[in-house]
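Subject: A structure to look at

Hello,

Here is the structure I promised to pass on, with some notes on what I found in it. Could you have a look when you get a moment?

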Amino acid sequence: MGDPMADAASTRANLLAQPLQLPNGSVLKNRLAKSAMSEALGSYDNHVTPQLPRLYGRWAASGIGLLITGNVMIDRRALGEPGNIALEDESDLPLLQEWAQAATAQGAQIWMQLNHPGKQSPKGLNRYNLSPSAIPFRKDLTAFFDTPREATPAQIEDIIARFGHAAAIARKAGFSGVQIHGAHGYLVSQFLSPHHNQRSDEWGGSAEKRRRFVLAVFAEIRRQVGAGFPVGIKLNSADFQRGGFTEEESVATIQALAQAGIDLVEISGGTYETPVMTGAGDGKPAASTAAREAYFLEFAEKVRAAVATPLMVTGGFRSCDGMNAALRSGALDLVGLGRLLALDPDAPASLLRGADSRYHVRPISTGIKAVDRMALMEVSWYTRQLKRIANGHEPKPNESGLFALLGTMAASGWGTFRTRRLRAS
Ligand SMILES: Cc1cc2nc3c(=O)[nH]c(=O)nc-3n(C[C@H](O)[C@H](O)[C@H](O)COP(=O)(O)O)c2cc1C
């Protein structure tokens with residue numbers, strides 16, 4: 001039998017269960033947040049399907065405080081992967097409302113992550129891709145990604161307006177907030193990067209000008225959703241790429257967004273060319289960072305010193321103790337969870353009780369070196385688990401990487417698989 005006094009003390013000490021008040025006055029019921037995971041559950045023509053409310057209803061039932069959707073595209077002509085949702089008009093409003101209701105029925109908030117992939121979209125998916133500048137990919141990736149076209153000033157203005165319009169639709173459908181995807185090498189992140197943005201007009205040429213795009217996206221969203229509606233951003237601590245976005249620029253960007261009134265900043269890192277967001281790639285976290293679980297905690301401490309905006313950190317959290325230690329350090333307000341929630345959608349119920357999930361996030365491999373080197377296995381393996389939950393099944397935490405690979409190929413055909421294999425997030 002357990003010691004009731006000790007149990008009570010440990011429950012009291014479980015910081016995960018504490019509510020958090022956001023700057024707009026709304027309250028998140030606890031410190032656990034699901035970070036965005038692209039569900040790839042859109043229809044073939046990129047509309048919302050009933051699988052999405054089912055998936056989010058399952059997560060909501062776990063008691064989690066905040067659910068951030070997988071990335072939703074703001075332009076049908078600019079998809080990041082097959083199965084994306086694209087949100088351009090109100091044609092999906094009834095299903096969007098169902099999605100928001102399923103997620104919020106137990107008191108959680110749901111924020112829609114809005115994204116434009118820019119150049120980070122596999123060959124053949126879109127007619128062409130736009131980016132701040134026409135910079136080719138790293139040589140070994142050019143087989144999978146085309147060199148983008150440089151966006152014209154009018155195209156940039158159109159994209160900014162689309163971010164605002166999609167946010168207004170999300171609000172109308174009953175979503176609790178939106179998050180700008182400013183991380184992982186997509187368009188917002190491309191504008192911030194001196195490597196990808198080599199413009200000399202008002203959108204590039206200095207760190208201030210490179211941040212004009214994200215600030216314009218935020219201002220337009222705010223204009224279209226009003227003052228009380230939460231608007232957050234997921235931002236890289238750095239791109240971990242030579243000549244890329246640095247920690248100093250990231251802090252300065254967060255300061256500018258904080259001044260403009262952003263409600264929540266989520267910290268991550270990496271791009272397709274340097275996929276450190278899931279702990280992979282050359283920018284692998286140091287052993288000391290891995291021991292503290294969170295990959296980006298040290299950077300969060302720097303941000304904490306610079307702004308008062310609530311902070312969420314995502315990447316590497318696995319245990320109740322690790323999450324509590326991070327919260328206790330004071331560097332963050334919300335613990336972001338990705339892969340653990342695809343393995344165990346009920347994990348928040350355990351964590352809120354002060355216990356760990358029954359399952360462990362483990363490296364996924366097929367045993368075939370050439371395939372594993374392509375870094376494709378993780379994402380398609382986890383996407384399969386999301387699909388299982390969405391279809392009313394339990395995930396298969398022990399499913400073999402090889403089995404998942406064969407299943408994905410059989411289900412989608414080699415063509416789809418090929419387009420998705422380099423997607424890091
Ligand atoms: C299947 C899958 C899809 C993802 N899709 C997105 C996405 O749409 N947007 C995003 O910001 N991050 C995405 N990510 C990254 C996660 O939000 C998170 O940053 C990353 O998995 C690290 O957190 P973790 O260690 O808790 O998994 C994705 C990750 C996975 C595994």
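**What I found**

I233 stands opposite V265 in strand 12. Helices (H or I, at least four residues) and strands (E, at least two) are DSSP runs, numbered from the N terminus.

A word on the source: this is a predicted model, in which local features need pLDDT of at least 70 and side-chain atom pairs count only at pLDDT 80 or more, while totals for chains, interfaces and linings use all residues. Residues are numbered from 1 along each chain as its sequence is written, and side-chain values use heavy atoms, with hydrogens and water left out.

Back to the strands. Strand 11 (residues 231–236) pairs with strand 12 in the parallel sense over five bridges; two strands pair if DSSP finds at least two bridges between them. Strand 12 also pairs with strand 13 (residues 311–314), again in the parallel sense, over three bridges. There, V313 is the bridge partner of I267.

How many of the five residues of strand 12 are buried? Five of the five residues of strand 12 (residues 264–268) are buried, so this strand is largely enclosed by the rest of the structure. Buried means under 20% relative accessible area, exposed over 50%, and partly exposed in between (1.4 Å probe, protein chains only). In a regular strand the side chains alternate between the two faces of the sheet. Here L264, E266 and S268 lie on one side and V265 and I267 on the other, and all are buried.

Now the ligand. There are 23 residues around the ligand, and A36, S38, Q113, G316 and R339 come nearest (a residue is near if one of its heavy atoms lies within 4 Å). This shell divides into six nonpolar, 14 polar and three charged residues. In that count Ala, Val, Leu, Ile, Met, Phe, Trp, Tyr, Cys and Pro are nonpolar, Asp, Glu, Lys and Arg are charged, and the others, Gly among them, are polar. Helix 15 (residues 377–390) gives the most to the shell, with three residues.

- K234, through a polar side-chain atom, at 2.8 Å from a ligand oxygen
- H181, also through a polar side-chain atom, at 3.0 Å
- N71, through a polar backbone atom, at 3.1 Å

Taken alone the ligand exposes 610 Å², and the protein buries 100% of that (Shrake-Rupley method, 1.4 Å probe; for residues, only the protein chains shown count as cover).

Elsewhere, Q190 lies in helix 5 (residues 187–192) and counts as buried at 0% relative accessibility. The Q190 side chain reaches the backbone oxygen of P117 at 3.0 Å, and a polar atom of that side chain lies 2.8 Å from the backbone oxygen of G185.

Helix 2 (residues 51–60) is mostly covered, with eight of its ten residues buried, including W59. The C-alpha atoms of W59 and A349 are separated by 9.9 Å, although these residues are 290 apart along the chain. A349 belongs to helix 13 (residues 347–352) and is partly exposed, at 29% relative accessibility.

Best wishes

Terms used: A polar contact is a pair of N or O atoms within 3.5 Å; within protein, one must be able to donate a hydrogen and the other to accept it, and residues adjacent in sequence count only if both atoms are side-chain atoms.
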